[in-house]
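Reader: Before I rely on any label attached to a model such as this one, I would like to see how each label is reached. Could we go through them one at a time?

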Amino acid sequence: MSFLLSILIDGLIYASWLFIVSAGLTLIYGVMRVLNMAHGSFYAIGAYTAASLVGWYFNHDELPAFGSFAVMALGAIAVGFVAGLVTERGVLRFLRGRDEVVMVLVTFGLLLVYEDLIKFIWGVQSYYASQPYSLLGSTDIGEINFVNYDLAMIGVAGVVAAVLWWSLNRTRQGKLLRAVINDRENAVALGINVNRLFMATFAIGAGLGALAGGLSAPAIAVNPGLGVEVIVLAFAVVVTGGLGSVEGALIGAVLIGLARAAAVNLWPEAELFVIYGVMACVLAFRPRGLFVLDSARKI
Amino acid sequence: MRAFDKTPLAIVVATTLLLVGFFVFPAWLSLMVVTIIAKALVVVGVVVLMRSGLVSFGQGLYYCIGGYAVSLGEQVLQITDIFVLLALAMAAGLVAGSILGLLMSRYREIFFAMFSLALSMILYGILSRTQSLGSTDGLNIVQPTLFGIKLATQQAKLLIYFTTCVLAALVTYAVHRYIRSPLGYASMAVRDNEIRVEYLGLAPKKVFYSNYVIASVVAALGGAITALNYGHVQPDMAYWSQSGEFIFIALMGGTSHVAAAFLGSAVFETIRTYALELAPDAWRVILGGVLIAIICFLPKGLWSLTQFGKRSGSSDWDRVVDEKDST
């Protein structure tokens, strides 16, 4: 029983992390039809920013330790937001309306560029920012010990999901965004300023990616190549859930999170295999993912 | 009337020059030529798929299958003959491609890209966790033989080089003919509008399927040559960044001619070698910048530079592609 419980909790922790990474990716795709490979870079930028900020913060003894969470998260979001804004204004806005696959390649180019820029700014050494990780202590559930920081990730993912849902469904800007997601041409015809929405969406999506990086920085060693590892995982999640759908990303993250946790506990060799196995199984039966956005047939 | 096809002549000339080149080139250059050709073979497959509008983000799957087929052929089946090994790799690519092709030919656009990515990552996951297949360290490959004759190192290099060049020439010619066959032209029609093609009585699925299988076989051949050339295979051959590199090269060269894959591969390898040497900290910036610049300013790839001013000489079909892509 406790074995199943540990799989469940492990899975939910991993799923929360996956969801925060993928939410921004799927939002950007839904609105702009850009499957953004550079999302991995935003994740890495967030992780590095958070690691640097935490390092700086804990060198000042007079500051309250719990403030590090706020500094870490807000710093990561802010830097990700700016990076997203620069990317959208500097490159992507000139490539509007290009084929989706071409945009994947453009952002692949951006990913390569960012990889080196990150190395240029932060160097090649590993960063450790583990202080916040142990700050919250740990809890025994059944016979297994869980770090509270990891458990808190589930809460953070819940908050992110709730805020996204609320702003998409209950605010004016969110409704405009949904109009663009559902039917871009009609939205433009009705006078929605798509240009501004694209800019905002990309920046917010990038901020979310950076937040995910910032939050996971205390739990890992922040290394070069971080973004590259993350992006294909996030792809698996959003494709499983259905590209462009935030609910889909949530379901996809939970599915893949649980499947991976089960694999890690029962059959460790299959860890990598299982993530893409889930994606392949879902695509085999639902070729466009679980939550599908309608697309017009070209006749 | 179709203009006189200069491609076979060009292939013969280029191959002869390369074969003679071996005796002139320094060792590193002939090694690089084999690398370029091996990668270009995979890219030929990517180009064939791209012509029907499919971008495979998982061509590394077959590249890796080809490489491992060579290695396992040596270790398990005790085969060392270079031709048998290459045939084995192509057969492995053919079998895998014809089975997976049944599934893959149902997918289009970004879903095809992502599904192929998933498949190659599954193979990567399996290989890197399987101890008996060498795990992440991969497997070694001993020097191949020719009709049972053991060769000296220099002779083996010559053998690999010559085999690569000749096979590449044959593949290039075959794919060139395929692209100019009714099925090949149907690829472009399918890319334009699949439903209309169906109304006209063609089966788009058949087009996708045959393109997919061809791409798998040439990718496996490319992987096998790489394996023989380096004497080593590792799971990274199936990693997504490897597949990304193939698409990168395909875009760089362009998709209007088979030979564009070879041009793209040569330019890519050169840029990478020099970028790595001159700016070891910034070579990704250079590569990424080149990729974005090509997409923005040369959407038909470097090959379109060679077509400058030749537009009247090209066939009607080429012009159709030109017009479509420029819009």
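Reader: What makes A:Gly75 count as buried or exposed?

Author: In this predicted model, A:Gly75 has a relative accessible area of 14%, and because buried means under 20%, A:Gly75 is called buried. The residue is placed in helix H3 of chain A, which covers residues 67-90.

Reader: Which residues does A:Gly75 contact, once its neighbours within four places in sequence are left aside?

Author: With those neighbours left aside, A:Gly75 is in contact with A:Thr49, A:Leu53 and A:Ala70, where contact requires heavy atoms within 4.5 Å. As for A:Phe291, which is 216 residues away from A:Gly75 along the chain, the two C-alpha atoms are separated by 33 Å.

Reader: How do you know whether A:Ser6 is buried or exposed?

Author: The relative accessible area of A:Ser6 is 8%, and since the limit for buried is under 20%, A:Ser6 is buried. A:Ser6 is found in helix H1 of chain A, residues 2-32, and, not counting residues up to four places away in sequence, A:Ser6 touches A:Ile144, A:Phe146 and A:Asn265.

Reader: What sets A:Arg33 apart for comment, and where is it placed?

Author: Its phi is near 60 degrees, a positive value in a residue other than glycine. Most residues other than glycine have a negative phi. A:Arg33 is in the loop between H1 and helix H2 (39-57) of chain A.

Reader: Why are B:Cys64 and B:Cys296 given their accessibility classes?

Author: B:Cys64 has a relative accessible area of 0%, and as buried means under 20%, B:Cys64 is buried.

Reader: Turning to the two chains, how many residues does each give to the contact, and what area is buried?

Author: Chain A gives 44 residues and chain B gives 42 residues, and the area buried between chain A and chain B is about 3,800 Å², with carbon and sulfur atoms giving 75% of it. Of the area that chain A buries against chain B, A:Val101, A:Leu105 and A:Asp116 supply 15%, more than any other three residues.

Reader: Why is the pair of A:Asp116 and B:Arg284 called a salt bridge?

Author: The closest N and O atoms of A:Asp116 and B:Arg284 are 3.2 Å apart, and because a salt bridge requires a side-chain nitrogen of Lys or Arg within 4 Å of a carboxyl oxygen of Asp or Glu, the pair qualifies as one. The count between chain A and chain B is one salt bridge, alongside five residue pairs in polar contact, both residues of each pair being at pLDDT 80 or more.

Reader: Which elements of chain A give two or more residues to the side that touches chain B?

Author: They are helix H4 (100-122), helix H10 (226-241) and helix H12 (271-285) of chain A, and the largest share, 15 residues, comes from H4(A). The residues on this side of chain A divide into 31 nonpolar, two polar and eleven charged.

Reader: What makes A:Asp116 and B:Arg284 count as buried?

Author: A:Asp116 has 4% relative accessibility and B:Arg284 has a relative accessible area of 18%; because buried means under 20%, A:Asp116 counts as buried, and B:Arg284 is buried as well.

Reader: How do you know that B:Glu245 and B:Arg272 form a salt bridge, and what does the pair tie together?

Author: Their closest N and O atoms are 3.3 Å apart, and since the limit is 4 Å, the pair counts as a salt bridge. B:Glu245 lies in helix H10 (residues 240-253) of chain B and B:Arg272 in helix H11 (residues 259-278) of chain B, so the pair ties together parts that are 27 residues apart in sequence. B:Glu245 and B:Arg272 are both buried.

Reader: Which other salt bridge does B:Arg272 take part in, and which residues make up the network?

Author: The side chains of B:Arg272 and B:Glu269 meet in a salt bridge at 3.3 Å, N to O. Being three residues apart in helix H11 of chain B, B:Arg272 and B:Glu269 are separated by about one helical turn, and both are buried. The network of salt bridges links B:Lys39, B:Glu245, B:Glu269 and B:Arg272, and the count over all chains comes to seven salt bridges.

Note on methods:
Residues numbered from 1 in each chain as written. Chains lettered and ligands numbered in written order. Predicted model: local features only at pLDDT ≥ 70, side-chain atom pairs only at ≥ 80, totals over all residues. Heavy atoms only, no water. Buried area = accessible area lost by both parts, 1.4 Å probe. Polar contact = N/O pair within 3.5 Å; in protein donor to acceptor, adjacent residues only side chain to side chain. Helix = DSSP H or I, 4+ residues; strand = E, 2+ residues; numbered from the N terminus. Nonpolar A, V, L, I, M, F, W, Y, C, P; charged D, E, K, R; others polar. Buried < 20%, exposed > 50% of the residue type's maximum accessible area, 1.4 Å probe, protein only.
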